[in-house]
Amino acid sequence: SGSFDYSGNEASNVLFLLSDRNVYCEDWGEALTNKSTPAICVVSLRSGSLDVLSGIPADISPGQARWAPGSQSVFFIGWYHEPFRLGLKFCSNRSALDELNSLASWPYEISQHSHKLVTVSYLHYSVSNTFGKCAFAPDGFAGVYEALPSSCWSADGQRVVFSSACQNRKVKHHFYGLSDAIYGSWKLLTIQKDLMVVCCSSPNTPPTMLVGFLPSVGEAVTWHKLQQPIQTFDFLWTVLEVEPLPEEDNQNYPGLKFGAVLVKPRVPLPGAQTPLVVFIHGGPHSQFAAEWNTTTAGLVSLGFAVLMVNYRGSIGFGQDSILSLIGHIGSQDVQDVQRAVLAALHSHTTLDASRVAVIGGSHGGFLSCHLVAQYPEFYRVCAARNPVINAATLLGTSDIVDWRYTCVGLQYSYNQTPTAEALAAMLEKSPIMHAAQIKAPVLLMLGGRDRRVSPYQGLELYKVLKSRAAPVRLLWFAEDGHSLSRVDTQAQCFINVALWLHQYL
């Protein structure tokens with residue numbers, strides 16, 4: 001027989017490790033499961049050595065690291081751990097600090113450069129709990145809604161070139177000239193010594209790459225294609241501008257308009273009007289730009305028209321539009337989508353008003369379920385990916401608990417606990433309140449590892465519909481998360497949506 005003989009200190013260490021083994025470790029939520037405390041590392045391409053940057057405060061997680069001029073220092077953003085971590089993915093509003101760490105003590109050779117005065121330019125966002133923000137929007141300019149490219153300066157350092165949402169498009173800007181609208185949307189990939197590389201597309205044209213030199217102010221760019229589009233599809237597309245009815249106007253942010261992108265077959269099926277699929281983006285502070293979208297292209301190729309709606313609260317329409325949605329989810333956004341659908345049916349008489357479907361994911365799924373419940377005689381069929389169904393029951397399971405309060409118009413603080421009034425407000429704005437009115441067949445697609453919107457949200461609606469013998473089908477993707485982004489998952493989702501629409505529309 002054998003025995004273990006530990007000294008007092010060794011025994012204490014073993015007991016400590018055993019007692020610590022099951023302690024909960026926070027992470028950064030959706031798509032960052034088990035990512036708790038990252039590190040910044042530098043790899044030497046010459047020697048192959050790897051070193052970890054020291055001196056980072058213990059109470060932050062570093063990210064988005066960039067070399068400072070001269071390669072002696074690193075800039076990075078640090079997200080605070082306390083009082084507890086909230087989801088980071090798609091959330092640009094997290095409390096963070098800007099840091100500059102010197103590399104002077106690192107154990108390998110760094111080439112020496114003379115010290116220079118460095119001007120740091122940055123975008124300033126107003127403090128709010130919304131996930132979509134407009135950093136800068138002077139008169140006549142839609143604003144900046146996303147991070148600038150890592151290389152965005154002109155060679156003389158006097159101009160910044162970037163792409164950003166602009167109403168129903170994504171366009172390339174240089175302060176303050178606007179590019180020619182040859183394509184539906186432009187995205188700047190990089191600029192090096194005034195040579196710009198951009199990716200362009202339209203709803204009927206897959207992405208293609210162009211290059212051109214940044215001209216003098218007021219002059220046009222001469223663009224050169226690096227490649228021809230793989231194929232241009234025979235679709236018609238147009239951008240719709242939509243205005244709410246007077247009774248649907250937001251009293252705190254009056255006069256706001258919104259938009260939509262309509263894509264349809266150039267030649268409809270013989271002897272029939274074209275069925276319409278209403279496609280709603282998530283976010284909610286996101287956007288459907290007039291760019292290539294594989295889901296839309298696939299559905300139009302199958303004979304459907306697709307209306308991609310940018311309701312009030314979408315990016316590209318200014319900060320007031322974003323703020324107008326806070327406290328009005330489940331009503332203002334629902335009305336906007338319905339208003340856009342009616343506008344499309346009115347202006348495009350080849351669309352079949354008796355065959356309208358609605359699809360969407362996340363907040364788009366939330367709205368899809370609201371629409372089939374609030375307009376049960378209008379929509380024939382619905383398909384929703386990871387939808388919010390009951391905001392009250394979601395409160396304790398989502399990695400972005402702050403948004404669960406903010407979206408219904410309530411203030412959030414880390415130390416608050418739910419109240420009956422707060423839960424009632426969340427429930428009142430949820431599709432589950434209207435679920436008994438749903439008549440349309442509903443297809444649900446859920447990610448088993450979704451940390452943003454628990455898959456049990458979709459299951460809650462599934463059980464309500466099953467109890468009423470309503471047509472419902474549920475697809476459960478056990479290994480996927482909120483975006484349902486695995487290639488096999490995307491294929492399964494599209495095939496099932498297409499078959500669902502074909503069956504019921």
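**Figure 1. Helix 10 against the strands of the sheet.** In this predicted model, helix 10, made of residues 487-504, lies across strand 15, strand 17 (351-361), strand 18 (381-385), strand 19 (442-447) and strand 20. Relative to strand 20, helix 10 runs at about 175°. The sheet itself is open and has eight strands, in the order 13-14-16-15-17-18-19-20. Its pairing is mixed. At the edges are strand 13 (235-242) and strand 20 (472-477), each of which pairs on one side only. Neighbouring strands in this sheet are turned by 15° against each other on average, with direction ignored.

**Figure 2. Pairing of strand 15 with strand 16.** Strand 15 covers residues 274-280 and strand 16 covers residues 305-310. The two run parallel and are joined by five bridges.

Figure 3. Q338 is placed in helix 4, which spans residues 332-347. With a relative accessible area of 5%, Q338 falls under the 20% limit and therefore counts as buried. Apart from neighbours within four places in sequence, Q338 is in contact with L371, Y375, F378 and Y379. For Q338 and L371, the separation is 33 residues in sequence and 7.9 Å in space, taken from C-alpha to C-alpha.

**Figure 4. Nonpolar surface patch around L45.** Four residues, V43, L45, L50 and V52, form a nonpolar patch on the surface. Together they have about 450 Å² of accessible area. L45 sits in the loop between strand 1 (41-43) and strand 2 (50-52). The relative accessible area of L45 is 85%, over the 50% limit, so L45 is classed as exposed.

Figure 5. The bond from E82 to P83 is cis, with omega near 0°. P83 belongs to the loop between strand 4 (73-80) and strand 5 (96-102). The bond from G283 to P284 is also cis, again with omega near 0°. P284 is found in the loop that connects strand 15 with helix 2 (294-301).

Figure 6. K193 is not a glycine, yet its phi is positive, at about 50°. The residue lies in the loop between strand 9 (185-192) and strand 10 (195-202). K193 has 77% relative accessibility and counts as exposed. N386, likewise a residue other than glycine, has a positive phi near 40°. Its place is in the loop between strand 18 and helix 6 (391-394). N386 is buried, with a relative accessible area of 1%.

**Figure 7. The whole chain, for orientation.** The chain contains ten helices and 20 strands. Of its 505 residues, 49% are buried. The accessible surface of the chain comes to about 25500 Å², and carbon and sulfur atoms account for 54% of this surface. Among contacts between residues at least 6 apart in sequence, 64% join residues at least 24 apart.

Terms used: Residues are numbered from 1 along each chain as its sequence is written. This is a predicted model: local features need pLDDT of at least 70, side-chain atom pairs count only at pLDDT 80 or more; totals for chains, interfaces and linings use all residues. Side-chain values use heavy atoms; hydrogens and water are left out. Two strands pair if DSSP finds at least two bridges between them. Helices (H or I, at least four residues) and strands (E, at least two) are DSSP runs, numbered from the N terminus. Axes are lines fitted to C-alpha atoms, for helices over the stretch in contact, and angles run from 0 to 180 degrees between N-to-C directions. Contact means heavy atoms within 4.5 Å. Patches are made of residues with over 30% relative accessible area and no salt bridge: like charges are joined within 9 Å, nonpolar side chains (Val, Leu, Ile, Met, Phe, Trp, Tyr) within 5 Å. Accessible areas come from the Shrake-Rupley method with a 1.4 Å probe; for residues, only the protein chains shown count as cover. A salt bridge is a side-chain nitrogen of Lys or Arg within 4 Å of a carboxyl oxygen of Asp or Glu. Buried means under 20% relative accessible area, exposed over 50%, partly exposed in between (1.4 Å probe, protein chains only).
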